[in-house]
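Let's take a walk through this structure together. Have a look at the sequence and the model first, and then we can go through the ligands and their surroundings.

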Amino acid sequence: MPGLFIVFEGIDGSGKSTQAKLLAEWFKEKGYDVILTKEPTDTKLGKFIREVVVHGSLIDGSKLSYEAEALLFAADRAEHVKKVIKPALDKGKVVICDRYFYSSLAYQWARGLDLKWLMKINEFAIKPNLTILLDLPTKESLKRIRTRVDISEFDKLWDLQKKVRQNYLKLAEMFPEMKIINAMNSVEDVHRDIVALVEHELL
Ligand SMILES: Nc1ncnc2c1ncn2[C@@H]1O[C@H](COP(=O)(O)OP(=O)(O)O)[C@@H](O)[C@H]1O
Ligand SMILES: Cc1cn([C@H]2C[C@H](O)[C@@H](COP(=O)(O)OP(=O)(O)O)O2)c(=O)[nH]c1=O
């Protein structure tokens, strides 16, 4: 049986890591063979990206150009698809991924890069069976991650997150596999809504 590929997307603090873990547990309890993965990956390349791009440039633009950032995320994804995601799907596993190419479209588009170019450099990325967009107001997401962000960066992060949220909502109109879940509810209620969506769309 071919595997199932499920992706979580959303702005920082929308609950992706929390919900991805809960859904992986849910599948495991049903007897499925599940892998839980994320982007940037935990490889040397992914760690490099997190260090140089995410922490170096979350706000003010990194030492790297935005084009170079986009290509780095795409390079990490190429390795991820080829060495982790596709082999697991070929073995019939459920692959749950916290961020995927939609993050590149939403975030690098917000940096002013051309959407068509971003789609081109990610065209190798296999399409998920289901992409879950956890949507919530920027204000709430920033409240949830306030401990992670240096207070001096807050305003610029606010602007970026607002733009990224709008981009995600536009992407949801472009990609039929992307479904919107209200991330404002409690952890349990969001999980319940996600399970209902998975059962309706995939099982
Ligand atoms: N539905 C929710 N309601 C309130 N807080 C939440 C909810 N989901 C996650 N959180 C909290 O918000 C923070 C960010 O959650 P996380 O899953 O790390 O988000 P992301 O991976 O999207 O950045 C964590 O402290 C988490 O415990
Ligand atoms: C995968 C990916 C992430 N990103 C950004 C989104 C996040 O700010 C950061 C990834 O860090 P992450 O640990 O996912 O942040 P969070 O858990 O708060 O969502 O990198 C891109 O800009 N492009 C991409 O292709």
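In the counts that follow, Ala, Val, Leu, Ile, Met, Phe, Trp, Tyr, Cys and Pro are taken as nonpolar, Asp, Glu, Lys and Arg as charged, and the others, Gly among them, as polar. With that in hand, the shell around ligand 1 divides into three nonpolar, seven polar and four charged residues. Please keep in mind that you are looking at a predicted model.

Let's stay with ligand 1 for a moment. It has 14 residues around it, and those that come nearest are Gly13, Lys16, Ser17, Thr18 and Arg148. Which element gives the most to this shell? Helix H1, residues 16-29, does, with three residues.

Now zoom in on the oxygen atoms of ligand 1. The side chain of Lys16 places an N or O atom 2.7 Å from an oxygen atom of the ligand, and for a polar side-chain atom of Ser17 the distance to a ligand oxygen is 2.6 Å. Gly15 takes part through its backbone, with an N or O atom 2.9 Å from an oxygen atom of ligand 1. On its own, ligand 1 has 560 Å² of accessible area, and the protein covers 71% of it.

Next, turn to ligand 2, which has 15 residues around it. Asp12, Arg50, Arg99, Ser104 and Arg148 come nearest. By residue class, the shell around ligand 2 holds five nonpolar, three polar and seven charged residues.

A side-chain N or O atom of Arg50 lies 2.6 Å from an oxygen atom of ligand 2, and for Arg99 the corresponding distance is 2.7 Å. A nitrogen atom of the ligand takes part too, 2.9 Å from an N or O atom in the side chain of Gln108. The protein covers 89% of the 540 Å² of accessible area that ligand 2 has on its own. Helix H2 (44-57), helix H3 (66-90) and helix H4 (101-110) are the elements that give two or more residues to this shell, and the largest share, four residues, comes from H4.

Finally, follow the chain to His191 in helix H8, residues 187-201. Is His191 buried or exposed? Its relative accessibility is 18%, so His191 counts as buried, the cut-off being under 20%. Leaving aside residues up to four places away in sequence, His191 touches Gln19, Leu22, Leu23 and Trp26.

Note on methods
Residues are numbered from 1 along each chain as its sequence is written. Chains are lettered from A and ligands numbered from 1 in the order in which they are written. This is a predicted model: local features need pLDDT of at least 70, side-chain atom pairs count only at pLDDT 80 or more; totals for chains, interfaces and linings use all residues. Side-chain values use heavy atoms; hydrogens and water are left out. A residue is near a molecule or strand if one of its heavy atoms lies within 4 Å of it. A polar contact is a pair of N or O atoms within 3.5 Å; within protein, one must be able to donate a hydrogen and the other to accept it, and residues adjacent in sequence count only if both atoms are side-chain atoms. Accessible areas come from the Shrake-Rupley method with a 1.4 Å probe; for residues, only the protein chains shown count as cover. Buried means under 20% relative accessible area, exposed over 50%, partly exposed in between (1.4 Å probe, protein chains only). Contact means heavy atoms within 4.5 Å.
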